[in-house]
Amino acid sequence: MPEYIAFNGPSPTTAAQVKVTTGTAIKTLLQIATPATREIEVLEWGVSFDGTTAATPGVVELVQTDVAATVTSLTPTVYRPSNAPASLCVGGASATGYTATAEGTITVVRMFDAQLIAPTNQFIKQFPLGDEPLIAVSKFLRIRVTFGAAINGLAYIRWRE
């Protein structure tokens, strides 16, 4: 089964990956929209922040929701094999994308991970074989953050289709 990865910004070319501000209210940094024909299996996810002083940790969540956030569209990158077809998790303002401008009114959530992470720190989780979360068809997998003070962050999700 092919594997894909997406970061919370456009794919870098001649410049580095772009950091995104967390803001001070709940914010989706990265959203993956599953296709109507297939669930996805989450292999790994991670975040890192560029705060310069120790402060109150922020809440960082990996959740499945029933409603899309409004995001900037992105196209997932093939992780392996190198000749895999394009991901079925297509980009769009209410599909796969990054940096939410509106969270939407969510009614159903499946929580897969939640952490308190300092603004000067990072977190990476690889799910054990056989324990990878399965994201249902036509749902949205999100990395959401809530911090007391705005900092910049990078987030990613790696999955199998």
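**Close-up views of salt bridges**

**View 1. E3 and R158 are both buried**. In this predicted model, the side chains of E3 and R158 form a salt bridge. Their closest N and O atoms are 2.7 Å apart.

**View 2. R80 and E3 form a salt bridge**. The N to O distance between the two side chains is 3.2 Å. Are the two partners buried or exposed? R80 has a relative accessible area of 47%, so R80 counts as partly exposed. E3 has a relative accessible area of 2% and is therefore buried.

**View 3. R144 and E61 meet in a salt bridge**. Here the N to O distance is 3.0 Å. The pair links distant parts of the chain, with R144 in strand β12 (residues 140–146) and E61 in strand β5 (residues 58–65), 83 residues apart. R144 is buried, at a relative accessible area of 11%. E61 is also counted as buried, with 11% relative accessibility.

**View 4. Salt bridges join several residues into a network**. Which residues belong to this network? The linked residues are E3, E41, E44, R80, R158 and R160. The structure holds 9 salt bridges.

Key: Residues are numbered from 1 along each chain as its sequence is written. This is a predicted model: local features need pLDDT of at least 70, side-chain atom pairs count only at pLDDT 80 or more; totals for chains, interfaces and linings use all residues. Side-chain values use heavy atoms; hydrogens and water are left out. A salt bridge is a side-chain nitrogen of Lys or Arg within 4 Å of a carboxyl oxygen of Asp or Glu. Buried means under 20% relative accessible area, exposed over 50%, partly exposed in between (1.4 Å probe, protein chains only). Helices (H or I, at least four residues) and strands (E, at least two) are DSSP runs, numbered from the N terminus.
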